[in-house]
Amino acid sequence: MPEPSQGPAALSESDPADSAYSWTRLAIAVLIASIGNVGMWSVVVVLPAIEQDFQLTRAAAALPYMLMTIGFGLGGIVMGRLADRHGVTVPLAIGAVAIGAGYVLSGISQNVWQFALAHGVLIGLFGSSAAFGPLIADISLWFRRHRGIAVAICASGNYLAGTIWPPILQQFVTTAGWRATHIGVGLFCLLTMLPLAALLRRRPPRPVTALHGSAPWTSDRAAGLSPGVLQALLILAGIACCVAMSMPQVHIVALCADRGFGVARGAEMLSLMLGFGIISRLLSGALSDRIGGLATLMIGSILQSIALILYLRADGLTSLYVVSALFGLFQGGLVPSYAIIVRENYPPEEAATRVGLVLMATLGGMALGGWLSGAIYDLTGSYAYAFLNGIAWNLVNILIVAWLLFRATSNRRRRQIATAPA
């Protein structure tokens, strides 16, 4: 695996990486992410409420989540390009306004299509997407030696949002209703994200390679694959792993309601899951600094499969709490690992766009998996087959990552043999 201090990510000595400002910027980024990523989780919490209010099937109730995640993924590319060209403050400012408008319109929506489109276009495409991929890519440019852990901490803002927001939202939905809750969330995000975004106006330090052109692509990098082939394989792996990941994350609240445990218990499990996901992301980030992104992704993929299998055996309230915690602990580092793999293998000036492409794939997998699990439930009346579907998709992910890891390891060994003294 490449050393974090080598390659095209090296920074100019006039503004070194891993500085005190880098860590301060990271703290601001995490705060923004913990606010702006509410869009990923609010729709999960209110799924049972809108299902009842709009008289929907389970698959139809999952439609807003699907459109939101599709928009979130596509928006990561759009906002990533804006960040590459103009800095991260521009997409963050757009995102703050879009989130505010999206939640207000969601709160006054009269049917599920209005609700879903507000989530897909405003909250997903132009809103919360700015507070994930572009922030991760931006932070990766401010670190070198500690890039893995820094990226993981930044990505944890998404799960921090998932830990904090669900119980708060559930409380307000219970006392004030989901409509008033959405309007309040929109106003809060607008008033907090705009001033925080202004604090990140400073542009990243100029990469050394930018002084002499981008580092050329060589067969020694990216497991001997071309840039396009590696990108395509990472996209396929991201889709597969997140179809599997979506089953517990999207449907745990509804599953608890079906089993008579109540939606509040489901919201607590989601919060627990994502809280342990933060721990997972931090551990995975530290691990990737030692063994690289691909190996870290492989470990996380295998552990996620184990957790999904455990869900099939969890039929009581206590066992669901335990398995949800394990699921969060096992799978939390998967998505940041994709961003780290991109930064290990592509020039820094392409960071936000290429990270956005991979994250789009992971979110597309979440969208597909969230809807597919609901459709399987409607057909079978049980989530058991939905979990089996997730396990199958996860095996596809493991096969892709194992092949990439095998090629990367083989190429490294051949280089060592070729350069060894006679």
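Ser 140 belongs to helix 8, which spans residues 133–140; helices here are DSSP runs of H or I with at least four residues, numbered from the N terminus. The model is predicted, so local features need pLDDT of at least 70 and side-chain atom pairs count only at pLDDT 80 or more, while totals for chains, interfaces and linings use all residues. Residues are numbered from 1 along each chain as its sequence is written, and side-chain values use heavy atoms, with hydrogens and water left out.

With a relative accessible area of 1%, Ser 140 is buried (buried means under 20%, exposed over 50% and partly exposed in between, for a 1.4 Å probe and protein chains only). Its side chain makes a polar contact of 2.9 Å with the side chain of Arg 343. A polar contact is a pair of N or O atoms within 3.5 Å; within protein, one must be able to donate a hydrogen and the other to accept it, and residues adjacent in sequence count only if both atoms are side-chain atoms. Beyond the neighbours within four places in sequence, Ser 140 is in contact (heavy atoms within 4.5 Å) with Arg 147, Val 151 and Arg 343.

Gln 55 is placed in the loop between helix 3 (47–53) and helix 4 (58–61). This residue is exposed, with a relative accessible area of 67%. Gln 55 has a positive phi of about 55 degrees, although it is not a glycine. Most residues other than glycine have a negative phi.

Two helix pairs are set out below. Axes are lines fitted to C-alpha atoms, for helices over the stretch in contact, and angles run from 0 to 180 degrees between N-to-C directions.

| Helix pair | Angle | Axis separation |
|---|---|---|
| Helix 12 (residues 263–291) and helix 13 (residues 293–313) | about 150 degrees | 8 Å |
| Helix 11 (residues 227–258) and helix 14 (residues 317–331) | about 150 degrees | 11 Å |

In helix 12, Met 273, Ser 284, Leu 287, Ser 288 and Ile 291 meet Gly 293, Ala 295, Thr 296, Ile 299 and Tyr 311 in helix 13. By class, this contact has six nonpolar, four polar and no charged residues.

Helix 11 and helix 14 are also roughly antiparallel to each other. Met 245, Pro 248, Gln 249, Ile 252 and Leu 255 in helix 11 meet Leu 320, Ser 324, Phe 327 and Gln 331 in helix 14. The residues of this contact divide into six nonpolar, three polar and no charged. In these classes, Ala, Val, Leu, Ile, Met, Phe, Trp, Tyr, Cys and Pro count as nonpolar, Asp, Glu, Lys and Arg as charged, and the others, Gly among them, as polar.

Key:
Helices (H or I, at least four residues) and strands (E, at least two) are DSSP runs, numbered from the N terminus. Angles under 35 degrees count as roughly parallel, over 145 as roughly antiparallel, 65 to 115 as roughly perpendicular and the rest as oblique.
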